[in-house]
Amino acid sequence: MTDGHLFNNISLGGRGGTNPGQLKVHSGGILWKKQGGGKAVEVDKADIVGVTWMKVPRTNQLGVRIKDGLNYKFTGFRDQDVTSLTIFFQNSCGITPEEKQLSVSGRNWGEVDLNGNMLTFMVGSKQAFEVSLADVSQTQLQGKNDVILEFHVDDTTGANEKDSLMEISFHIPNSNTQFVGDENRP
Amino acid sequence: GDNHATAKTSNDLIAYKNVNDLPPPRELMIQVDQKNEAILLPVYGTMVPFHVATVRTVSSQQDTNRNCYIRIIFNVPGTPFSPHDTSSLKFQGSIYLKEVSFRSKDPRHISEVVQQIKTLRRQVAARESERAERAT
């Protein structure tokens with residue numbers, strides 16, 4: 001890929017919804033700029049520790065995990081972009097993107113995965129959703145089996161979405177052995 | 001036998017088979033997909049589907065600042081009359097999403113969503129109990 005390849009209509013997803021913008025891939029890494037200016041995300045290729053692809057409704061989502069544990073999610077890639085970007089990450093960064101699958105079965109039971117500061121709810125080895133623990137303001141244990149995560153709220157909450165996630169709770173039955181005696185549990 | 005019928009009930013409740021069966025992405029807000037008996041929740045910029053049969057209760061409330069909240073409680077094992085008793089045995093050790101709450105800018109949309117979820121939930125529950133009865 002030549003230096004400075006541009007992808008239009010790429011949105012950055014996160015706590016407050018999505019922001020439309022443009023992603024530039026160059027020999028030094030990647031740069032995403034919000035449409036109309038403002039927010040930008042710059043990632044040096046040396047800081048990239050993992051790259052994932054996931055098919056989401058009608059498009060593709062790129063996940064870029066960096067050294068400090070942050071995970072950026074860019075949505076809006078065509079199938080041919082996936083091919084060309086995969087080659088870029090392999091050649092320039094020496095990283096082979098992993099493929100993830102989105103769970104669409106609609107089940108509410110599965111597993112919780114913790115990786116960096118991301119919490120992923122997996123249903124049948126597919127990803128149902130992912131939240132960042134950096135956005136969690138408080139965690140509470142309710143009873144013996146329920147864990148509640150409360151998300152930060154400020155003026156920018158829900159800037160790009162009508163409905164904003166405020167709280168989420170998980171029920172961990174006694175039969176679950178994954179988190180027994182784990183003090184780092186969220 | 002009826003063993004087969006109960007197993008079928010839990011297996012049948014699948015919202016979507018493929019990623020592209022989901023409704024086209026629209027505004028990031030809670031949606032109800034009547035046809036696929038699913039509710040879609042915006043989580044970190046992605047619409048996440050849940051089959052309406054996983055929903056136990058849904059409620060909304062409004063605070064003095066005209067903020068509107070919606071709370072969805074899902075079925076988890078160990079609660080009476082949980083329709084997932086067959087699946088909770090089958091998926092022992094699983095972690096359950098128990099509850100989500102959202103703040104909304106649009107109280108009218110939230111009251112619509114609450115009504116739609118309640119109606120859809122009733123329809124599916126009635127159909128499933130009829131099916132279970134016929135199987136016995």
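Tutor: One definition before we start. Two strands pair if DSSP finds at least two bridges between them. Also keep in mind that this is a predicted model.

Student: OK. In what order do the eight strands of the open sheet in chain A run?
Tutor: The order is β4-β3-β2-β1-β7-β6-β5-β8. The pairing in this chain A sheet is mixed.

Student: Which strands stand at the edges?
Tutor: β4 (40-44) and β8 (98-100) of chain A. Each has a single partner strand, so one side of each has no neighbour in the sheet.

Student: And how are neighbouring strands turned against each other?
Tutor: By 30° on average, direction ignored.

Student: Zoom in on β1(A) and β2(A). In what sense do they pair?
Tutor: Antiparallel, over eight bridges. A hairpin of two residues joins β1(A) to β2(A). Gly13(A) stands opposite Thr18(A) in β2(A). Leu6(A) has Lys24(A) as its bridge partner in β2(A).

Student: What about β1(A) and β7(A)?
Tutor: β1(A) and β7 (residues 71-77) of chain A run antiparallel, joined by three bridges. There, the bridge partner of Ser11(A) is Thr75(A).

Student: What holds paired strands together, in general?
Tutor: Strands of a sheet pair through backbone hydrogen bonds, either parallel or antiparallel.

Student: Switching to chain B. How many helices and strands?
Tutor: Three helices and six strands. From the N terminus on, the elements of chain B run α-β-β-β-β-β-α-β-α.

Student: Which strands form the open sheet of three there?
Tutor: β1, β2 and β3 of chain B, in the order β1-β2-β3, with antiparallel pairing. The edge strands are β1 (31-33) and β3 (46-51) of chain B, and each pairs on one side only. The twist from one strand to the next averages 30°.

Student: How many bridges between β2(B) and β3(B)?
Tutor: Six, for β2 (residues 38-43) with β3(B), in the antiparallel sense. Ala38(B) has His51(B) as its bridge partner in β3(B).

Student: What does Phe50(B) touch?
Tutor: Leaving out residues up to four places away in sequence, Phe50(B) touches Gly106(A) and Asn108(A), and in chain B Ala15(B), Ala38(B), Ile39(B), Leu41(B) and Val55(B). So its contacts reach both chains, taking contact as C-beta atoms within 7 Å.

Student: Now the interface. How many residues of each chain are in contact?
Tutor: 44 residues of chain A are in contact with 45 residues of chain B. On the side of chain A that touches chain B, β14(A) gives the most, with nine residues. By class, that side of chain A has 16 nonpolar, 16 polar and 12 charged residues.

Student: Which strand of chain B pairs with β14(A)?
Tutor: β6 (residues 95-104) of chain B, antiparallel over eight bridges. Ile168(A) has Val100(B) as its bridge partner in β6(B). Val100(B) is also one of the residues that Leu41(B) touches.

Student: Last topic, confidence. What ipTM and pTM does the predictor give the complex?
Tutor: An ipTM of 0.89 and a pTM of 0.88.

Student: And the mean pLDDT of chain B, what is it?
Tutor: 84, with 82% of its residues at 70 or more. Over residues 1-10 of chain B, though, the pLDDT is below 50. Beyond near neighbours in sequence, that stretch has 14 contacts in the model.

Student: How much of chain B counts as buried?
Tutor: 40% of its 136 residues.

Terms used. Residues numbered from 1 in each chain as written. Chains lettered and ligands numbered in written order. Predicted model: local features only at pLDDT ≥ 70, side-chain atom pairs only at ≥ 80, totals over all residues. Contact = placed C-beta atoms within 7 Å. Helix = DSSP H or I, 4+ residues; strand = E, 2+ residues; numbered from the N terminus. Nonpolar A, V, L, I, M, F, W, Y, C, P; charged D, E, K, R; others polar. Axes fitted to C-alpha atoms, helices over the stretch in contact; angles between N-to-C directions. Buried ≥ 20, exposed ≤ 12 C-beta atoms within 10 Å, placed from the backbone. pLDDT = per-residue confidence, 0-100.
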